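This report goes through one protein model, from single residues to the packing of its parts. Please look at the sequence and the structure first.

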Amino acid sequence: MARLGAILTARGIDPATATAEEPPAEPVTALELADARIPARYRNALVDHSQVTAWVDEITRTGRPGPAGAPGISEGPSLLIAGPTGTGKTYQAYGAIRALLSRGVRLRWEATTTADLYARLRPRADHDAERDLQTLARSPLLLLDDLGAAKTSEWTEELTYRLINHRYEHLLPTLITTNLPTAELRTTLGDRVASRLAEMTDRVVLTGPDRRRHHPA
C-alpha cells in the first residue's frame with residue numbers, strides 16, 4: 001500500500017481520497033512499483049554496458065512462461081560487476097532490474113548493500129533474522145551491492161557464505177557489485193565464497209574516473 005500511495009502521489013492523486021470504486025485512470029505497471037522501491041538516484045537507471053545487456057537478454061530468454069505468456073525468473077547465471085568507486089556499478093545493476101521489468105518479465109526481487117545486510121541480520125530481541133536471511137537467499141533475483149565493503153568478522157563471513165551458497169546451489173540469478181579485485185575478494189570473504197562466486201558469475205569490469213567527483217568543465 002505504501003508503494004501504491006507513492007505512485008498515486010507522483011501522479012497528483014491523493015491516496016486518502018482514492019477508493020476501490022474510483023481506481024486510477026491508468027493501471028500501475030510493474031516498473032512503476034519497482035521504481036517506488038529503487039533509491040531515487042537510480043530510478044531512471046538504464047543499462048548501457050554490452051555485457052550487462054547480454055545478461056538481461058539471457059535472463060529474459062530463459063525465463064519460464066507464466067500468466068498470459070509473460071516470462072518469469074527461472075534458473076540462470078549471475079553477474080558480478082566490479083570496478084573502482086564511482087564507475088557506475090550500482091547504476092548498471094538497477095538498470096538491469098528496470099530493463100527486465102520493462103520487457104515484461106514477472107519479477108520478484110530484493111536489493112541490499114552488504115552493510116545493510118549485516119545490520120538487518122544482527123541478532124536483536126523480537127526479530128527473526130533467520131527468516132530475513134531466507135527471504136534474501138530464496139528471492140528469484142537478488143541485488144547484493146558493495147560486496148566486501150563492510151567490516152568483516154567470522155559472523156559476517158558465515159552469513160555471506162550461507163547467502164551465496166544457497167543461491168549457488170539453486171542457480172538463482174544474483175547481481176553483485178564490488179570495488180574489490182578477485183584476489184582481495186578471496187582475502188576478504190574467504191575461499192568458500194570466492195570459489196562459488198568464480199563459478200556462478202559472469203564478470204563485468206567497469207573502468208574510468210569517479211563519476212561522483214567528476215565535474216565537466
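Where does D146 lie? D146 is found in the loop that runs between strand 5 and helix 7. The model is a predicted one, and every value below was computed from it.

**Two residues with positive phi**

Most residues other than glycine have a negative phi. D146 has a phi near 60°, which is positive although the residue is not glycine. L171 also has a positive value, with phi near 55°. L171 sits in the loop between helix 7 and strand 6 (174-178). D146 has a relative accessible area of 29%, so it is partly exposed. L171, at 44% relative accessibility, also counts as partly exposed.

**The chain as a whole**

The protein chain contains nine helices and seven strands. It has 217 residues, and 44% of them count as buried. Among contacts with a separation of 6 or more, 79% are between residues 24 or more positions apart.

In soluble globular proteins, nonpolar side chains tend to be buried together. The largest nonpolar core here has 26 residues, and the members that touch the most others are W55, Y94, I97, L100, L107 and W109. At least two residues of this core come from each of helix 3 (50-62), strand 3 (78-82), helix 4 (89-102) and strand 5 (141-145). Helix 4 gives the largest share, seven residues. Once neighbours within four places in sequence are set aside, I97 is in contact with L107, W109, L141, L143 and L175. Another core lies apart from this one; it has 24 residues, including A82, L136, Y161 and L180.

**Helix 5 and its partners**

Helix 5 (residues 114-121) makes contact with helix 7 (residues 154-169) and with helix 6 (residues 129-138). The table gives the geometry of each pair.

| Helix pair | Axes come within | Crossing angle |
|---|---|---|
| Helix 5 and helix 7 | 11 Å | roughly 105° |
| Helix 5 and helix 6 | 9 Å | roughly 145° |

How are helix 5 and helix 7 oriented to each other? Angles of 65 to 115 degrees count as roughly perpendicular, and helix 5 and helix 7 are therefore roughly perpendicular to each other.

In the contact with helix 7, helix 5 uses L117, Y118 and L121, while helix 7 uses W155, T156, L159, T160 and L163. By class, the residues of this contact are six nonpolar, two polar and no charged.

In the contact with helix 6, helix 5 uses L117, R120 and L121, and helix 6 uses A129, D132, L133 and L136. Here the residues divide into five nonpolar, no polar and two charged.

**A closer look at L117**

L117 is part of helix 5, and it is listed in the contact with helix 7 and in the contact with helix 6. Is L117 buried or exposed? Its relative accessible area is 1%, and buried means under 20%, so L117 is buried. Leaving out residues up to four places away in sequence, L117 touches T112, L136, L144 and L163. L117 and T160 are 43 residues apart in sequence, and their C-alpha atoms are 9.2 Å apart in space.

How values were computed. Residues are numbered from 1 along each chain as its sequence is written. This is a predicted model: local features need pLDDT of at least 70, side-chain atom pairs count only at pLDDT 80 or more; totals for chains, interfaces and linings use all residues. Side-chain values use heavy atoms; hydrogens and water are left out. Helices (H or I, at least four residues) and strands (E, at least two) are DSSP runs, numbered from the N terminus. Buried means under 20% relative accessible area, exposed over 50%, partly exposed in between (1.4 Å probe, protein chains only). Contact means heavy atoms within 4.5 Å. A nonpolar core is a set of buried Ala, Val, Leu, Ile, Met, Phe, Trp, Tyr and Cys residues joined through side-chain atoms within 4.5 Å. Axes are lines fitted to C-alpha atoms, for helices over the stretch in contact, and angles run from 0 to 180 degrees between N-to-C directions. Angles under 35 degrees count as roughly parallel, over 145 as roughly antiparallel, 65 to 115 as roughly perpendicular and the rest as oblique. Ala, Val, Leu, Ile, Met, Phe, Trp, Tyr, Cys and Pro count as nonpolar, Asp, Glu, Lys and Arg as charged, and the others, Gly among them, as polar.
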